[in-house]
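Please view the sequence and the model below before reading on.

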Amino acid sequence: MIRLWINSLQLVELFISSWVHLLYGLYIFSTAVACDLSQFFCDYIKPNNINFEVKNVNNFPQIGSSSIDDLPPIVLVHGIFGFGQGRLGGLSYFAGAEKKDERVLVPDLGSLTSIYDRARELFYYLKGGQVDYGEEHSKICGHNQFGKVYDQGNYPQWDEDHPIHFVGHSAGAQVVRVLQQMLADKAFKGHDTNPNWVLSITSLSGAFNGTTRTYFDGMQPEDGRIMKPICLLQLCRLGVIIYDWFDIPWLKSYYNFGFDHFNMSWRKMGVTGLVDCLLGNTGPFASGDWILPDLTIQGSMRLNSRIQTFPDTYYFSYATKRTRQFMGFTVPSGILGVHPLLFIRVLQMSQWSHPPDVKPPYKGYRDEDWWDNDGALNTISMTYPRFPVEHPHRLVMNDSDCRPLQPGLWYYKIIDGDHILFIVNRERAGVQFDLIYDSIFERCRKHAFRKNPQTLPNQTQHTVNS
């Protein structure tokens, strides 16, 4: 009887979670469409041909085009279910933060593809050429070796003398780390790379050490690779397969999960292929070449075991949490401060208990270390790479306490906020949005460099209180 009651509660939770996620996805999609239609009709009825002067609202110096070309780009890398510039119309994943600097790139990577695949895509987005996922990897995972072609890279001069600042949100932070390791391993055929191509990495709620949320959503805690038969991720899997199979051009140009190299379109696999995918015999979910296995604790440890922290790169991490201690328990820090999409998961993750019949993911594991969370990731996971080996790190209370910055060291800061506070909807974060992003951009421009910082024409002093 007790078992039946527990199963019933789990089904109710699955029903609520699936509808909350579906409705939020539809809300984001419809908002983007509505904004685009509104802009189209405004331009059609009253064309905007008025000349106006663009003001530098963030007090960053106005500089000439030649100086802009000399600046290292700041590349904003989105997380799971994210999107880059050009997707979802005029909607910004980073809520317009890209407008805070003259030289910012926002790549559009696969929203559900694996960390490995996204790192490969990011390289060719910047350097140019056709995405090469690697012959061995492609054969093992059952997809095409080659993908999208970038006729002109977004930063083709990228090399050790022209390095890049990266800012990654959620899984995007781990993507950048994997990319830097690939650069160190000279993993891109025809390119003589090294880790110094990366000048700095800033993580915003970065997925370094996995998350217990993956187990609530449906990943098996035994190995972090297999999904439970009935779970939220199974519903997601079915929806993605059907979405990609119908392959509606205008819809996929608006939003794409990133699995084009798996050839799941009806034009290429037909009905038989669709059935195989739905049954779990083929496709990314069968091979495990998608992002969720990488976000389990075990999957993150497998990645971390091969990724170094490099001595000439600057590292900074913002870890978020929406929990607090109350009478000896970890509980959500208020109802209104947590997005409805995340509230149930904040509550569940704050009560996480590793199954007693399953071997812990690492020696010294304790449930209570993983209770603080932001609704998507555990706070311990976002601070710095910890498992299986701790990387050099330092806690930061005020940004001024860590200057001058030392490369090869993970500076980390814990801030109050849920996992999506600093993306999509700028109004939710309020003044905190500007404080965080201004400090990130100022650090990239003034405090993270290998040569003497460049003096720009008419540069004025800009300070940020943090």
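## Pocket lining and cysteines

The lining of the largest pocket is made up of 31 nonpolar residues, 10 polar ones and two charged ones. The model is a predicted one. In total, 43 residues line this pocket, and the space inside the pocket is about 1,400 Å³. His21, Gly25, Phe81, Tyr255 and Phe257 are the lining residues nearest the centre of the pocket.

Several helices take part in the lining. Those that give two or more residues to the lining are α1 (2-45), α6 (213-217), α7 (232-246), α11 (291-295) and α13 (340-349). The largest share belongs to α1, with nine residues.

The second topic is the cysteines. A disulfide is a covalent bond between the sulfur atoms of two cysteines. The structure has zero disulfides. To count as a disulfide, two cysteine sulfur atoms must be within 2.5 Å. The table gives the values for two of the cysteines.

| Cysteine | Cysteine with the closest sulfur | Sulfur distance | Relative accessible area |
|---|---|---|---|
| Cys141 | Cys277 | 14 Å | 11% |
| Cys402 | Cys444 | 13 Å | 3% |

Cys141 is buried, because its relative accessible area of 11% is under the 20% cut-off. Cys402 is also buried, with a value of 3%.

Key:
Residues are numbered from 1 along each chain as its sequence is written. This is a predicted model: local features need pLDDT of at least 70, side-chain atom pairs count only at pLDDT 80 or more; totals for chains, interfaces and linings use all residues. Side-chain values use heavy atoms; hydrogens and water are left out. On a 1 Å grid over the protein atoms alone, a cavity is a set of points where a 1.4 Å probe fits but cannot get out, and a pocket is an open set with protein on both sides within 12 Å along at least five of seven lines; lining residues have an atom within 4 Å of a point. Grid points are joined across faces, edges and corners, and a volume is the space filled by probe spheres set on the points. Helices (H or I, at least four residues) and strands (E, at least two) are DSSP runs, numbered from the N terminus. Ala, Val, Leu, Ile, Met, Phe, Trp, Tyr, Cys and Pro count as nonpolar, Asp, Glu, Lys and Arg as charged, and the others, Gly among them, as polar. Buried means under 20% relative accessible area, exposed over 50%, partly exposed in between (1.4 Å probe, protein chains only).
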